[in-house]
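Dear colleague,

I am passing on the structure below, together with an account of what I found when going through it. Please read the notes alongside the coordinates.

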Amino acid sequence: MASKILVVEDDQDIRNLLHFQLTSAGFETAFARDGATALIVARKERPDLILLDLGLPAGDGFVVMERMKAIPDLEMIPVIVVTARDPREGERAVQQGARAFFHKPFDADALVAEIRAALGGGAVASELDGSPG
Amino acid sequence: MNADLPHMRGLARCSRRVIAASVLLLVVLLGGFAFVVVQSQRESRESLEDRFALRGSLAGRFISTYVRDVARLQKNEAQNSLSGSAVTRRDFETTVDGMGIHAAVLLDRQGRLLQVYPRNPEILGKNLGASYPHLAAALEGRIGVSGIVASAGRGSPIVAVAVPFASVEGGRVFGAAIDLETSPLAAYLENSIPFSAEGRLIDANGRLVMKSGAPFDGEAFVTSAAIVGTPWRLQLTAPKSTLYAPVSGLARWVPWALFAGFSVAAVGILLLFLRLLESRTQVAGRHREVMRLMQVQQRFIATTSHELRTPLTSVTGYLDLLLSGMAGPFAEKQRDLLLVVRRNAGRLLDLVADLMLAAEIDARRLKLNREPLALEDLARETVESAQPQADEKGVELVLETGTPANVVADRRRISQVLTNLVSNAVKFTPENGRVEVRSFRENGHAVIEVADNGMGIPEAEQSRLFDRFFRSSNALAQEIPGSGLGLAIAKQLTDLHGGQLGFTTSEGIGTTFRVELPSSQ
């Protein structure tokens with residue numbers, strides 16, 4: 001069964017982009033467009049990994065990560081942050097438990113590789129700056 | 001400065017309170033000082049008058065000492081020469097001549113005249129004791145001093161002093177006339193009275209015995225003192241003006257001048273203090289304002305970066321999807337056009353990154369993550385990653401290394417400096433040209449040189465080379481793409497590391513950029 005990725009992203013075009021990229025890489029996708037919905041969808045869908053934007057309505061990415069830690073079912077799900085914010089925010093997210101962060105615009109191949117590594121338990125270079133590949 | 005800001009209102013209120021307190025304190029201090037000055041002047045006035053009276057009584061005592069001395073001398077002489085059983089006329093005249101006096105009498109204990117000089121036989125034996133108070137006093141055993149008794153031929157005032165003394169008969173009185181004109185009394189009087197005062201010796205009948213000092217007009221202060229042992233009084237008169245300004249007219253103003261000086265100094269200090277307070281308030285206000293603007297700018301940078309990057313993510317992402325053929329096949333010509341779009345999206349992204357970096361440097365927000373680095377490695381990485389660009393253009397890109405040099409620097413930022421320089425060099429070097437990157441250590445500096453053999457930089461443009469958005473005429477003429485930010489950023493990043501970025505150039509031959517960083521080894 002294909003791994004399910006929950007994409008938490010408020011920009012519809014980027015949600016669709018990630019959908020194309022992830023499905024063509026063989027993943028299933030679920031979506032949430034704000035922080036509050038993300039937690040609800042996560043409990044319902046039980047994703048294998050969460051791609052998390054930091055700038056979100058109704059609780060930003062940091063809030064989502066904080067809440068997830070308090071929910072037993074969700075605390076073990078790996079989180080990869082994808083953000084257009086300052087790279088320092090991404091580093092902060094990694095310090096607070098995110099597996100890696102990607103700065104928008106991100107390199108789709110690198111992102112997919114990181115997701116595979118996360119799901120397979122392996123590790124891949126985690127920080128990639130915004131220059132497109 | 002915006003006075004509506006809450007913290008400014010607080011400071012203004014605070015400084016108003018301080019100003020009010022300072023002014024109040026100043027008024028109290030100056031008032032107190034003025035009171036002290038006035039009071040001290042009044043006191044000194046009173047004490048001057050007291051002192052003047054004291055001088056009067058001291059002068060009186062001084063003069064009475066003189067009279068007593070005269071009497072004692074006279075008594076001693078009389079005791080020595082005139083105490084025998086019978087005093088002959090000759091004895092008497094010899095004694096009187098020896099004492100240098102013009103007139104004298106010798107009385108027996110009943111007051112009868114025994115001898116008189118100048119000679120006057122008619123009055124010998126007469127009882128004079130009752131006629132002259134000073135003789136009467138001497139007969140009673142005291143020193144007797146007369147008022148003005150006569151004037152000598154020249155008109156000089158004469159007083160008489162009579163003394164009792166012991167004799168074989170049990171007691172006699174010797175009286176002598178003293179010519180005041182030649183006596184030391186005048187000197188005594190003159191020396192005993194204060195400067196600028198007039199002193200008058202007056203006898204019991206109110207007649208002037210002697211005076212010293214010049215009379216004057218105007219308000220006067222008067223004091224008088226009895227001359228003990230005589231019927232005289234000493235009357236001292238001094239003009240009030242000199243009493244109140246005993247030293248000089250100017251001295252009277254000294255306390256007021258001090259007061260004025262003190263006031264001016266105090267007001268000056270207060271003004272300085274207020275000025276200081278004001279400038280401190282302004283500085284604090286400006287500091288807060290600057291901090292606020294910096295925060296605004298930081299928010300702006302963050303927001304702008306986010307807002308530009310989000311749509312660019314879709315632009316590049318969907319282009320990449322298209323180019324991957326996922327959305328279906330398309331003609332080669334279409335693909336070429338899409339690649340142009342993709343390349344320009346990349347340029348736009350680079351520009352956004354450069355703009356954000358420049359803004360961060362301006363906001364002093366850029367923090368360096370320093371770590372020990374081998375500069376040579378950085379140079380090699382840069383050359384390797386620029387190799388495709390050089391190959392594409394047909395430019396030879398080589399690395400030459402000298403003495404290895406270590407630096408403590410931010411890897412990413414120094415890489416950026418080198419990348420900007422190498423990428424520039426490749427862009428400005430014509431096909432079949434050569435770009436040389438040299439890494440070495442020199443005079444305690446870690447040095448990287450990037451030498452191209454491009455067209456060089458015209459002298460007129462050299463001073464503006466590191467200005468933001470400055471593009472050289474050569475770049476524009478040859479349509480070399482770029483934003484004009486690369487060198488400006490490279491320079492600022494080098495400066496942040498405490499290093500120097502410079503260049504040497506020669507038109508038509510090439511340009512060498514030189515980065516010097518403090519070396520840790």
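This is a predicted model, and I begin with the place where its two chains meet: the contact takes 17 residues from chain B and 16 residues from chain A. On the side of chain B that touches chain A, the elements that give two or more residues are α6 (254–323) and α7 (332–362) of chain B, and of these α6(B) gives the most, with 13 residues. By residue type, that side of chain B divides into 7 nonpolar, 8 polar and 2 charged residues.

Turning to chain A, its secondary structure comes to 5 helices and 6 strands, and from the N terminus on these follow one another as β-α-β-α-β-α-β-α-β-α-β. Of the 133 residues in chain A, 41% are buried, and among the contacts with a separation of 6 or more, 59% are between residues 24 or more positions apart. The average pLDDT of chain A is 86, with 89% of the residues scoring at least 70; over residues 122–133 of chain A, however, pLDDT stays under 50, although the model has 31 contacts beyond four places in sequence for that stretch.

Strand β1 (residues 4–8) of chain A runs parallel to β3(A) and is joined to it by 4 bridges, with A:Leu51 in β3(A) as the bridge partner of A:Val7. β3(A) also pairs in the parallel sense with strand β4 (residues 79–83) of chain A, over 3 bridges, and here the bridge partner of A:Ile50 is A:Val79 in β4(A). Between β3(A) and β4(A) the chain passes through helix α3 (residues 61–70) of chain A, in a β-α-β crossover that is right-handed.

In chain B, 5 strands form an open sheet of mixed pairing, in the order β11-β13-β14-β16-β15. Its edge strands, each of which pairs on one side only, are β11 (396–401) and β15 (500–506) of chain B, and the twist averages 15° from one strand to the next. Within this sheet, strand β13 (residues 434–442) of chain B and strand β14 (residues 445–452) of chain B run antiparallel and are joined by 8 bridges, B:Val435 standing opposite B:Asp452 in β14(B). Helix α8 (residues 375–393) of chain B packs on the sheet, where it touches β11, β13 and β14 of chain B, and its direction makes about 170° with that of β11(B). Helix α9 (residues 411–428) of chain B lies across β11, β13, β14 and β16 (510–518) of chain B, running at about 20° to β14(B).

Elsewhere in chain B, strand β4 (residues 157–165) has 7 of its 9 residues buried, so it is largely enclosed by the rest of the structure. β4(B) pairs in the antiparallel sense with strand β5 (residues 172–179) of chain B over 8 bridges, and B:Asp179 in β5(B) is the bridge partner of B:Ile158. β4(B) and β5(B) form a hairpin with 6 residues between them, and in the turn B:Gly170 has a positive phi of about 110°.

With best regards

Conventions: Residues numbered from 1 in each chain as written. Chains lettered and ligands numbered in written order. Predicted model: local features only at pLDDT ≥ 70, side-chain atom pairs only at ≥ 80, totals over all residues. Buried ≥ 20, exposed ≤ 12 C-beta atoms within 10 Å, placed from the backbone. Contact = placed C-beta atoms within 7 Å. pLDDT = per-residue confidence, 0-100. Pairing = 2+ DSSP bridges. Right-handed = clockwise from strand over helix to strand, strands pointing away. Nonpolar A, V, L, I, M, F, W, Y, C, P; charged D, E, K, R; others polar. Axes fitted to C-alpha atoms, helices over the stretch in contact; angles between N-to-C directions.
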